[in-house]
Amino acid sequence: MDSTEKLLGKTLAEKLTMESQVSDLKSSSSSSVTDKSSLDEEVFRKNLVNMLTSAKNMFYVPSFKIYNSGVSGLYDYAPPGCALKSNVLALWRQHFVLEENMLEVDCPCITPEVVLQASGHVDKFTDLMVKDEKAGTFHRADHLLKDFCTEKLQKELTALSAEKVQELKHVLAMVADFSPEQLGSKIKEYGVVAPVTKNPVSDPYPFNLMFQTSIGPSGAVLGYMRPETAQGIFVNFKDSYYYNGSKLPFAAAQIGQAFRNEISPRQGLFRVREFTLAEIEHFVDPEDKYHPRLSEVEDLEFLMFPREEQGPGKDAVKLRLGDAVTNGTVNNQTLAYFIGRNVCGSVSILEMRWHIMQHAEIQCSYGWTECVGIADRSAYDLRAHSEKSGIPLVAHEKFSAPREVEKLVIIPVKEELGLAFKGNQKKIVEALEAMDEKEAMEVKAALELHGEVEFQVCTLGKAVTIKPSMVSISKEIKKEYQRVFTPSVIEPSFGIGRIIYCLFEHSFYTRPEDEKLNVFRFPPVVAPIKCTVFPLVQDKKDNKYDAVAKEISKSLTAAGVSNKLDTTGTTIGKRYARTDELGVPFAITVDDDTTTVTIRERDSRDQIRVEINKVVRLVQDLTNGVRTWANIQSEYPCVPFKKMNDLP
């Protein structure tokens with residue numbers, strides 16, 4: 001097993017990048033693939049984006065661009081991009097929803113305000129913003145500071161002292177965690193100004209990223225476009241739990257649109273205002289996060305940044321996943337299993353291009369960028385929605401035999417409390433009943449010792465005097481027949497647009513003999529078009545080549561293989577070059593041999609000759625990942641091209 005296969009394991013990544021492709025690319029990288037790292041990143045990115053958004057290729061385009069170049073942060077997936085995205089999502093659904101037996105749901109994008117109040121988004125879903133004090137434009141504060149530090153390090157590195165370099169690197173490492181005061185202090189200290197106008201900017205202040213809307217004609221019911229898909233899964237927990245036979249653990253998954261009103265979106269598909277998320281909420285007993293399938297992934301090795309190793313000058317550490325659980329880098333088995341299953345299966349195309357911090361980051365021309373978040377959200381969300389809605393979102397563990405347990409019993413004497421506090425009685429009763437064991441026993445001791453106690457009631461904003469006649473606090477031995485608890489949640493969340501953009505970057509190269517020959521080496525399983533069908537020559541008197549090509553194309557379509565039939569009069573070489581640019585992995589060519597056709601593989605440009613009655617099944621197996629090109633070549637040796645002068 002080579003190092004790439006060991007890193008990826010038997011996961012979705014192996015389906016995305018067939019073993020033969022990885023080894024072929026490794027062996028040929030020095031001669032047949034342009035090394036992007038040697039190019040200026042901005043030039044590379046500009047050339048790539050121009051090709052992706054050109055009318056000729058049209059993978060994606062800015063939305064509404066005929067109206068003053070559109071609105072920043074919104075993009076349309078055009079035909080090949082839409083097909084590639086659909087294929088990635090289909091593979092994600094196969095790998096997670098079907099293979100893990102998850103419950104898939106599809107919830108509305110419009111979410112009532114009360115739901116997002118409970119989750120904390122209304123109060124806390126913010127980024128820090130600054131305002132150009134003269135032009136009135138807005139900028140994201142941490143991005144301004146990050147850009148300033150990055151530019152200093154790139155352009156003035158030799159002129160900076162070692163201490164200043166270390167300081168700027170530390171700011172870059174910590175900027176995402178700065179408070180408004182820390183961020184504002186650094187902006188003033190460094191003299192950071194607006195990027196275009198060079199005007200001074202205001203102190204940072206929070207800006208809520210959710211799009212607000214109203215539900216119904218009266219506008220009385222406020223809502224928001226959801227900033228994540230998770231809340232719809234959480235509020236459905238009670239019904240999902242029942243549907244699953246009232247058993248834990250189980251997972252619910254959702255693919256859908258999310259919306260964030262970014263302050264100053266940039267970086268193309270990396271930072272947009274509407275995007276596709278694929279999220280999983282895996283519900284588990286908080287006291288038992290054992291996972292029975294950890295053994296399937298525990299030998300995988302990952303580049304990780306343990307929390308204590310994060311900071312300037314620190315390097316990623318390669319860890320075996322099982323060891324990461326043992327030493328506490330990953331704090332439970334279920335979380336570890338999903339790292340092995342999810343992170344490997346989603347973001348890696350070639351070795352050493354990604355690593356794990358509290359999330360998975362992919363390396364691309366923008367640097368290391370988060371594309372998959374994976375977290376233990378504990379019981380926060382379910383508890384928050386239980387408290388806000390009054391509906392208990394809990395699970396049950398039934399005991400085989402009753403258990404005797406010591407229980408805290410708090411009984412407020414409502415009559416006494418009503419006489420003493422009148423209209424505030426209800427709030428005081430609720431506060432007394434909400435005491436945890438430690439606080440309750442302290443109140444009990446104070447009542448017995450002093451005959452009264454000052455008791456703080458948060459909802460009143462003050463303390464009240466409680467006397468022994470107003471409350472009874474005791475511990476009693478009771479029999480329990482079941483345990484009632486709020487489940488914990490392990491959440492893998494996938495930013496599909498970011499993963500797709502990284503797929504564009506990692507897949508793009510140019511032929512070394514001609515920089516105009518652009519190629520996308522999309523894995524066949526996600527390629528937007530799996531196969532092209534070409535008649536080699538056109539005979540105006542006898543169109544038998546066209547007829548055979550059309551019949552093959554029709555059979556491919558019936559077998560579920562997306563294909564493109566090209567009967568134009570252009571040379572076969574130009575047709576190959578055109579489909580290479582769209583990332584089509586295989587091309588079938590019909591020539592003057594009436595019983596066989598050739599299949600050409602995109603990256604090696606090798607071709608084999610196959611009987612016509614076998615070609616559809618063969619291409620179907622190749623594009624579904626059932627067989628590899630290397631495997632096929634052992635059965636069908638390569639044959640020379642018939643018209644070498646026609647080929648790229």
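This note goes through the predicted model point by point, from overall make-up to single residues.

1. **Ground rules.** This is a predicted model, so local features need pLDDT of at least 70 and side-chain atom pairs count only at pLDDT 80 or more, while totals for chains, interfaces and linings use all residues. Residues are numbered from 1 along each chain as its sequence is written, and side-chain values use heavy atoms, with hydrogens and water left out.

2. **Overall make-up.** The protein has 23 helices and 28 strands. Helices (H or I, at least four residues) and strands (E, at least two) are DSSP runs, numbered from the N terminus. Of the 648 residues, 48% count as buried. Buried means under 20% relative accessible area, exposed over 50%, and partly exposed in between (1.4 Å probe, protein chains only).

3. **Surface and contacts.** The accessible surface comes to about 32,400 Å². Carbon and sulfur atoms own 51% of that surface. The areas come from the Shrake-Rupley method with a 1.4 Å probe; for residues, only the protein chains shown count as cover. Take the contacts between residues at least 6 apart in sequence: 69% of them join residues at least 24 apart. Contact means heavy atoms within 4.5 Å.

4. **The five-stranded sheet.** Five strands form an open sheet in the order β25-β24-β26-β27-β28, with mixed pairing. β25 (563-565) and β28 stand at the edges with a single partner strand each, so one side of each has no neighbour in the sheet. The twist averages 25° from one strand to the next. Two strands pair if DSSP finds at least two bridges between them.

5. **The parallel pair.** β24 (residues 531-535) and β25 pair in the parallel sense over three bridges. Val 533 has Leu 565 in β25 as its bridge partner.

6. **Helices on the sheet.** Helix α20 (residues 544-558) lies across β24, β25, β26 (586-590) and β27. Its direction runs at about 165° to β24. Helix α21 (residues 572-581) also packs on the sheet and touches β24, β26, β27 and β28. The direction of α21 makes about 170° with that of β24. Axes are lines fitted to C-alpha atoms, for helices over the stretch in contact, and angles run from 0 to 180 degrees between N-to-C directions.

7. **Strand β27.** β27 is mostly covered, with six of its six residues buried. In a regular strand the side chains alternate between the two faces of the sheet. Thr 596, Thr 598 and Arg 600 are buried on one side of β27, and Val 597, Ile 599 and Glu 601 are buried on the other.

8. **Two antiparallel pairings.** β26 and β27 run antiparallel and are joined by four bridges. Thr 589 stands opposite Thr 598 in β27. These two strands form a hairpin with five residues between them. β27 and β28 also run antiparallel, joined by five bridges. Here Ile 599 stands opposite Ile 608 in β28. The hairpin of β27 and β28 has five residues between the strands, and Arg 605 takes a positive phi near 65°.

9. **Arg 602.** This residue sits in the loop between β27 (596-601) and β28 (607-611). Is Arg 602 buried or exposed? Arg 602 is buried, because its relative accessible area is 1%. Its side chain reaches the backbone oxygen of Phe 520 at 3.3 Å. A polar contact is a pair of N or O atoms within 3.5 Å; within protein, one must be able to donate a hydrogen and the other to accept it, and residues adjacent in sequence count only if both atoms are side-chain atoms.

10. **Asn 518.** Asn 518 lies in strand β23 (residues 514-520). It counts as buried because its relative accessibility is 16%. Leaving out residues up to four places away in sequence, Asn 518 touches Met 51, Phe 508, Tyr 509, Thr 510, Asp 580 and Glu 581.

11. **Cys 109.** The loop between β3 (103-104) and β4 (110-112) holds Cys 109. At 25% relative accessibility, Cys 109 is partly exposed. Cys 109 and Tyr 224 are 115 residues apart in sequence, yet 8.3 Å apart in space, C-alpha to C-alpha. Beyond four places away in sequence, Cys 109 touches residues including Tyr 224, Met 225 and Phe 259.
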